[in-house]
Amino acid sequence: MKAIRRFSVRPVLPEPLRPLGELARNLRWSWHSGSRDLFRHADPQGWQAAGGDPQRLLGSLSVSRLAALAHDRGFLRRLEVASGDLRDYLSEPRWYQRSVAEGAELPAAVAYFSPEFGIAGALPQYSGGLGILAGDHLKAASDLGLPLIGVGLLYRHGYFCQTLSRDGWQQERYPVLDPDELPLSPLREADGTDVEVSLALPGGRTLRARIWQAQVGRVPLLLLDSGVVHNDAAERDVTDRLYGGGREQRLLQEMLLGIGGVRAVRAYCRITGHAEPEVFHTNEGHAGFLGLERIQELIRRGSDFDGALEAVRGGTVFTTHTPVPAGIDRFDRELIDRHFGEDGELPDITADQVLGLGTEDAPETAGLFNMAVMGLRLAQRANGVSTLHGAVSRQMFAGLWPGFDAAEVPITSITNGVHAPTWVAPELAAHTGPLPDSRLWELRRTLREQLVQDVRERLHRSWRSRGAADAELGWIDNVLDPDILTVGFARRVPSYKRLTLMLHDRERLMELLLHPERPVQLVVAGKAHPADDGGKKLIQELVRFTDDPRVRHRIVFLPDYGMRMAQKLYAGCDVWLNNPLRPLEACGTSGMKAALNGCLNLSVLDGWWDEWYDPDFGWAIPSADGSAAGDDRRDAIEAAALYDMLEAQVAPCFYERPQRWLEMIRQTRERLGPKVLADRMVREYAETLYAPAARSHRELDSAAARELARWKSVVRAQWPSVRVGHIEAQGPGEDSLEPGPELGTSLSLRVQVSLGELRPSDVEVQAVAGRVDGSDDIADPVRVPLKPVGGADLAGNWTYEGPLALDRTGPFGYTVRILPSHRLLAHGAELGLAAGPQEVSARDEVAEVVTP
């Protein structure tokens, strides 16, 4: 019989054990080994059965066990130490507080919005790298003392649990997640009533959401949950599943996250006294609607739309994680028009104004509303998540800044990082100093052995769920070997990550797996999106290969990849494999987590590896990107390179040059380790994006924002009249017989420009110079501002002058352009406006220089 209603009965802890509840509710335990050890000591078997979840553990402890612990002096002493350590962690000054005390201008608070958060396996609200990155961002902010508020959605079924059918097809199961059984507490008013936010929907309907709070160290994480009784069935299902449902459900999720999330933040700050955020950080475009809610807030305080838009932009940071246009959420204009029309949400903003922020200009996507485009238009500062991804993003979104080369598109980059206390194995974390070779080799073998045991247990469960009987599974006891070179590959399974590249030449792979002296073993895991049959076919293809009795002891596929499995994989593997189609991996943080554990990377030069690869840290798989080869040919080339590297470089180093291998581990941990830390990443966000955004937020008060909006309007109206006219360049040595100017000399430029009704204070006139290629394109340009001389002539033209240093030899060229200029702009390209000379050959210009 099934229960008609489900609820959780919370344990009543004896008074001496009350601090256990506080330790369990704060997710700091997920990266604090002392707290986990305390819970494990309370009931070792119960801890294992609870999957390392303190909340579940406390709910399972018997009354007699609780009574025994309440009188266990040793346990109570440990509890007092752990509880005091948490209190100190939550209250002591950290990097942020020290920086502010030293005079650093940092934001009073930051609101960080993301559609998913991977904090711990006990709170399964993530699907992959985006969520894990968001979780690490919160943890690092907590460790640094940064006053950050996380905002997301609570999915009652999470993402999904993955199993395999007998023939290796991915199957999805959606377990019900009861918030009362999770490390969450409801946000309540002072009188004890639950806080709710609501959104108006077409047809007079209302979408309501309750706010749950998770405490991530010092950082509150607010999760909005539409599964409330006041909603109709359709509205209750809005937050049913992560990335589930049709387009309208996806739109409602993103409206609730962005619009409802801002309202949740306002309620939280009002109730708790937390500082109001000066900066709103949108982690990917899913939360982009937060900017619309903030615009409406300002309109209701008396601002107009344009002024409110400028004020909101100043305090907004947008991070894109998508390296391909197909990965961006798009919605039909009709859907946007319906939900933001007269009877929809945000009555102070018209549907046309909303559409104007997200409509694409590209002919192939005309009529679609693009969440990333809206995110960029609503944020004054934007970034990609690795140096290479920043360049890819600038190219991908260059159409939003016409008149500028892709290199000048105002999208910077901050390379992702990972939270070391979460991902480094405790056995390694305990050793902060150098280890002797013998001890390091022994420790690596211990971690590999733990992985082998974990793999065998997971593989046994997987085969049982596939319908096998215990009597058929004796072979699993010999799967993997703790003395064999172990390669890991685990990630989501979109096509560009190429899960099955390793299968391109199966005979060659078998030879590597079964090599008599230098065998390799592979541990593979990953989930395909439930709607991605192509990804599921890739998994099935790999699983069928791993089922082959000839190799199944050397290669395994583990279903239901998640944080707990990942922690074993990163620590236990010797080599971390990544072979995406370059440059489609935005960052790829799994290799960072592996590196912190002394695992060496074997990867295509993509994402972060393109930036920090060094032969001392691992190996770079040659890539055929940019060639004329088709996809199949490219796969063949790169698969062959992968096999060659494993056979000729990686395996011989592991088996025949262990001293070199150990030195590479040391170099990875000592030189690469500090670069890949989330602490470094969050400090970069704070100093290079949050702090400037907070200054813009403060400067763009109502009057300043209105003035900036008016100025932009005037500039846009006048820009068709702005142009560069006659250019004169005077060089040294006019009487010289030399064919051209010499290095170290300079040209004196004199330029006539037309500004229409604008004034010189509204623009910057620049000389842009550098080496030129065969097409006269300027490479690595230097920008030199020119100064106005006197007033406008009778025709209304202005004269600008300035020197141009000739600091490079070889073919050299220059041009002159005009950009809008205002003290409140973050970048000269912000308006997407640039005026240059009429089309003229750069060779003609150079001729003018050398023959004055």
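# Reading sheets, rings and burial in a predicted model

Six bridges connect strand 23 with strand 24 (residues 746-754), and the two strands run antiparallel.

User: Which sheet has parallel pairing, and why is one side of strand 19 and of strand 22 left without a neighbour?

Analyst: Parallel pairing is found in an open sheet of six strands with the order 19-18-17-20-21-22. Strand 19 (555-558) and strand 22 stand at its edges and have a single partner strand each, so one side of each is left without a neighbour in the sheet.

User: How many residues lie between strand 5 and strand 6 in their hairpin?

Analyst: Five residues lie between strand 5 and strand 6, and glycine 168 in the turn has a positive phi of about 85°. The strands themselves, strand 5 (residues 161-164) and strand 6 (residues 170-173), run antiparallel and are joined by four bridges, with cysteine 161 having arginine 173 in strand 6 as its bridge partner.

User: Turning to side chains, how many aromatic pairs does a search of the whole structure find, and how should I read one of them?

Analyst: The search finds 18 aromatic pairs. A pair is described by the distance between ring centres and by the angle between the ring planes, with angles under 30 degrees counted as stacked and over 60 as edge-to-face. Tryptophan 441 and phenylalanine 654, at 5.4 Å centre to centre and with 35° between the planes, form a tilted pair. Because tryptophan 441 lies in helix 19 (residues 437-465) and phenylalanine 654 in helix 25 (residues 631-656), this pair ties together parts that are 213 residues apart in sequence. Tryptophan 441 is partly exposed, with a relative accessible area of 30%, whereas phenylalanine 654 counts as buried at 4% relative accessibility.

User: What are the distance and the angle for the pair of tryptophan 619 and tryptophan 661, and are these two residues buried or exposed?

Analyst: Tryptophan 619 and tryptophan 661 are 5.7 Å apart centre to centre, with 35° between the planes, and this pair is also tilted. Tryptophan 619 belongs to strand 22 (residues 618-621) and tryptophan 661 to helix 26 (residues 658-672), so the contact ties together parts that are 42 residues apart in sequence. Both tryptophans are buried. Ring pairs link Trp441, Trp619, Phe654, Tyr655 and Trp661 into a cluster.

User: Which arginines sit over the rings of tryptophan 463 and tryptophan 475?

Analyst: The charged end of arginine 466 sits over the ring of tryptophan 463, at 4.2 Å from its centre. Over the face of tryptophan 475 lies arginine 552, at 4.0 Å from the ring centre.

User: How many residues of helix 11 are buried, and what percentage of the whole protein counts as buried?

Analyst: In helix 11 (residues 290-299), nine of the 10 residues are buried, and the helix is mostly covered; among the buried ones are Leu290, Glu293, Arg294 and Ile299. For the protein as a whole, 57% of the 852 residues count as buried.

User: What is the radius of gyration of the protein, and what box do its C-alpha atoms fill?

Analyst: The protein has a radius of gyration of 30 Å, which agrees with the value near 29 Å that a compact globule of 852 residues would have. Along the principal axes, the C-alpha atoms fill a box of roughly 95 × 70 × 50 Å. The protein has 29 helices and 28 strands.

User: Where does UniProt place the feature "domain: DUF3417"?

Analyst: The UniProt record, an unreviewed entry, places this feature at residues 13-123. In the model, that span is 59% helix and 5% strand, and its end C-alpha atoms lie 22 Å apart.

How values were computed: Residues numbered from 1 in each chain as written. Predicted model: local features only at pLDDT ≥ 70, side-chain atom pairs only at ≥ 80, totals over all residues. Heavy atoms only, no water. Buried < 20%, exposed > 50% of the residue type's maximum accessible area, 1.4 Å probe, protein only. Phe/Tyr/Trp six-rings, centres within 6.5 Å; stacked < 30°, edge-to-face > 60°. Lys NZ or Arg CZ within 6 Å of the ring centre and 35° of its normal. UniProt positions renumbered as here; feature names shortened; annotations may be inferred. Pairing = 2+ DSSP bridges. Rg over C-alpha atoms; globule rule 2.2 N^0.38 Å.
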